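Please have a look at the model first.

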Amino acid sequence: MIAEEMINLGEKKSAIRENFEYGKQRAKQIGKEKVFDFSLGNPNVPAPAGVRRAMEKLLNQKDDVELFGYTPAQGIFETRKAIADNLNFRFGTSFRPDNFYITCGAASGIRIITQALTVPGDEYIIFTPYFPEYKVFVEAAGGKFVEVKTRQEDFQIDFAALEQAITEKTKAVLLNSPNNPSGVIISEENIIWLAALLNERSALYRHTIYLIGDEPYRELVYDNADVPYLTKYYKSTLICYSYSKSLSIPGERIGYVLVPDEVEQSGKVYAAVCGAGRALGYVCAPSLIQQAVAECAGQVADLSVYKNNRDLLYHALQTYGYTCICPKGAFYLFVRSLLPDSAAFCRYARKYELLIVPGDEFGCPGYVRIAYCVPVSQIERALPWFKKLAEACITTQASEL
Ligand code: PLP
């Protein structure tokens, strides 16, 4: 017998991956330039020059054992120190290197945290729309995935819905801001309310409800928007971070879990994070990139490309009749489907060679995600097709399509 659930996970492709693979096939048939793939959140800007410089310096100065050997299980001290120094400088916090556990990106960070915290019966609250892999991570850790709808008009927290969803079984609330797929930044007012509610319920149920911040898009913000630093608002906050987007190095698989001293039972939580890293086989994140991060923890890739793309696509789509909230961060537009069934709408969009992902995947039927981390020329070529798609949907009955 082989684990049925794992077979299902392995065989069932996400709509994002399915689109991406379809796009590759289609490009072979009709040419890359004619396929408009907006399915994957794969950064398309170069890493800041400092990353390559740091790598070259390391390759020139260190021997192979120093470069490619195992690192300490929780990550290299100098890397953790550089990260702590950078955050303390930016947010006025007082983190120590020992508050950090270096991970292979945010994905393994979330997986580690959920594994570290979960005991049978635990529930995790996730706001819609959400990164689809959360469900996989929470359930793999043995937790129950509890979806809570956000406000339809702005995707901010719906506190009436949240108050109902939090129970004595709630282990943690997971917050992703800036959000994939909506691009929304949760407001400071919401975070203050959330912290008050979590404090109240933790006291009522006599156990801590943790707040988990998943922040791979923290630096990808536009129009000088502020992303409140969660640990300053709620004591028992754990952070998952990734350099995939800020340094534009997703293939290098590097990020961290942060367990601040203020967290309830922080020593035990940190030990459990180390234990979960061990149990999952995630110890010693890749060495060379850890050493490079120690040199460039505070750098950020050139985000002007994304801002330009956002402005171009957002304004054009609006004039064609699409509706969507103007994203303040990340690199996605979360657009209302022009057909009642967003999966049908995405299938229909393929007739125009537009590859977009149904919102159902993100817990939000009726929407589609458009990832605009693509060359601007792709957006320019795709715009007339987005226009035709809208005209077809708006003027034709869905049943006739
Ligand atoms: N969390 C969110 C919200 C994401 O969008 C992603 C990736 O796109 C991840 C986590 C995983 O990122 P990483 O590449 O760091 O594993």
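A cavity here is a set of points, on a 1 Å grid over the protein atoms alone, where a 1.4 Å probe fits but cannot get out; its lining residues have an atom within 4 Å of a point. Grid points are joined across faces, edges and corners, and a volume is the space filled by probe spheres set on the points. This is a predicted model, in which local features need pLDDT of at least 70, side-chain atom pairs count only at pLDDT 80 or more, and totals for chains, interfaces and linings use all residues. Residues are numbered from 1 along each chain as its sequence is written, and side-chain values use heavy atoms, with hydrogens and water left out.

**Cavities**

- The whole structure holds four cavities of 30 Å³ or more.
- The largest cavity has about 120 Å³ of space, and Phe127, Pro129, Asn176, Asn179 and Ile186 are the closest to its centre among 16 lining residues.

**Helix H12**

- Helix H12 (a DSSP run of H or I, at least four residues) spans residues 287-296, and eight of its ten residues are buried, meaning under 20% relative accessible area with a 1.4 Å probe, protein chains only.
- Among the buried residues of H12 are Leu288, Ile289, Val293 and Cys296.
- Helix H3 and strand E2 are among the elements covering them.

Definitions and conventions
Buried < 20%, exposed > 50% of the residue type's maximum accessible area, 1.4 Å probe, protein only. Helix = DSSP H or I, 4+ residues; strand = E, 2+ residues; numbered from the N terminus. Contact = heavy atoms within 4.5 Å. 1 Å grid on protein atoms, 1.4 Å probe; cavity = no way out; pocket = protein on both sides within 12 Å on 5 of 7 lines; lining within 4 Å.
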